[in-house]
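Q: I would like to learn how to read a few features from a set of coordinates. Can we work through one case together?

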Amino acid sequence: MKNSALLIIDVQNDFCLKGALEVKEANSIITPINQLINFFKKKSLFIIATKDWHPENHKSFAVNSGKNIGDFGELNGLSQVFWPVHCVQNSFGSEFHKELLPIENVVYKGENPEVDSYSGFFDNGKKFKTNLDDILKKNEINTLYIGGLATDYCVKYTVLDALSLSYNVFLLTDCIKGVNINTDDSDKAIEEVKQKGAHLINSKEILNI
Ligand code: VGL
Ligand code: ZN
């Protein structure tokens, strides 16, 4: 496992119970993620998390684009879902859930108000790259164990970009929950990443090694 890292996507208050963009059952993933954090720590393996980190004027927020929450449309030529105000920089909603064990390495995304940024690696237009890939390369990581929120958005696009950057990817099936605007969005996302080469794994399979 030497070159493996745990990558936890957006386990922030706004995506958890009572949050502005609440993901159903989000809180249920915290216990297995914490068990993995302990496991990776004990083995001195690399752990990193992302934060969705929007300025107040972000145009993915329905209110800033003259849209209704949940509308599908376009933002600067890219297809866009319009969201409630969420994960505003330095707000309570942008903090990691308090039960999540501390993670030292954090990558921020979604700072440009003109473009949404689901993946931890690139913005949705693939014009801006975060420092995630560089940090992983510096730490000689070639294999990622990915969990977090939300299955059908930030987790999905992070996994797809990780595959395109040639990482081996294990998607942690009991450590993800989805928005599911359509009820099968998360199932479809899991099917798609699997077809593109991600492996599906339950955290228990790792903990029992
Ligand atoms: C996310 C919608 C908007 C996510 C972030 O973390 O999956 N979803 N911003
Ligand atoms: Zn967002």
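This is a predicted model: local features need pLDDT of at least 70, side-chain atom pairs count only at pLDDT 80 or more; totals for chains, interfaces and linings use all residues.

Q: Which residues are around ligand 1?
A: The residues around ligand 1 are Asp10, Phe15, Leu21, Asp52, Trp83, His86, Tyr118, Leu149, Ala150, Tyr153 and Cys154.

Q: Which atom of ligand 1 lies 2.7 Å from a polar side-chain atom of Asp10?
A: An oxygen atom of ligand 1 does. Asp52 has a side-chain N or O atom 3.1 Å from a nitrogen atom of the ligand, and for His86 a polar side-chain atom is 3.1 Å from a nitrogen atom of the ligand. As for cover, ligand 1 on its own has 260 Å² of accessible area, and the protein covers 100% of that area.

Q: How should I read the backbone, and what is the value of phi at Asp10?
A: Most residues other than glycine have a negative phi, and most peptide bonds are trans. Asp10 has a positive phi, near 55°. Asp10 sits in the loop that runs between β1 (4-9) and α1 (30-42).

Q: Which residues does a cis peptide bond join?
A: Leu149 and Ala150 are joined by a cis peptide bond, with omega about -10°. Ala150 belongs to the loop between β6 (143-149) and α4. Both Leu149 and Ala150 are among the residues around ligand 1.

Q: How is a pair of packed helices described, and at what angle do α4 and α5 cross?
A: Two packed helices are described by the angle between their axes and the distance between the axes. Here the axes of α4 (residues 151-164) and α5 (residues 185-195) come within 10 Å and cross at roughly 5°. Angles under 35 degrees count as roughly parallel, and α4 and α5 are therefore roughly parallel to each other.

Q: Which residues of α4 and α5 meet?
A: From α4, Thr151, Asp152, Lys156, Val159, Leu160 and Leu163 meet Asp185, Ser186, Ala189, Ile190, Glu192 and Val193 of α5. By class, this contact has six nonpolar, two polar and four charged residues.

Q: Where is Pro113 found, and which residues is Pro113 in contact with?
A: Pro113 is in the loop between β5 (105-109) and α3 (132-138). Apart from neighbours within four places in sequence, Pro113 contacts Pro55, Asn57, His58 and Lys59.

Note on methods: Residues are numbered from 1 along each chain as its sequence is written. Chains are lettered from A and ligands numbered from 1 in the order in which they are written. Side-chain values use heavy atoms; hydrogens and water are left out. Axes are lines fitted to C-alpha atoms, for helices over the stretch in contact, and angles run from 0 to 180 degrees between N-to-C directions. Helices (H or I, at least four residues) and strands (E, at least two) are DSSP runs, numbered from the N terminus. Angles under 35 degrees count as roughly parallel, over 145 as roughly antiparallel, 65 to 115 as roughly perpendicular and the rest as oblique. Contact means heavy atoms within 4.5 Å. Ala, Val, Leu, Ile, Met, Phe, Trp, Tyr, Cys and Pro count as nonpolar, Asp, Glu, Lys and Arg as charged, and the others, Gly among them, as polar. A residue is near a molecule or strand if one of its heavy atoms lies within 4 Å of it. A polar contact is a pair of N or O atoms within 3.5 Å; within protein, one must be able to donate a hydrogen and the other to accept it, and residues adjacent in sequence count only if both atoms are side-chain atoms. Accessible areas come from the Shrake-Rupley method with a 1.4 Å probe; for residues, only the protein chains shown count as cover.
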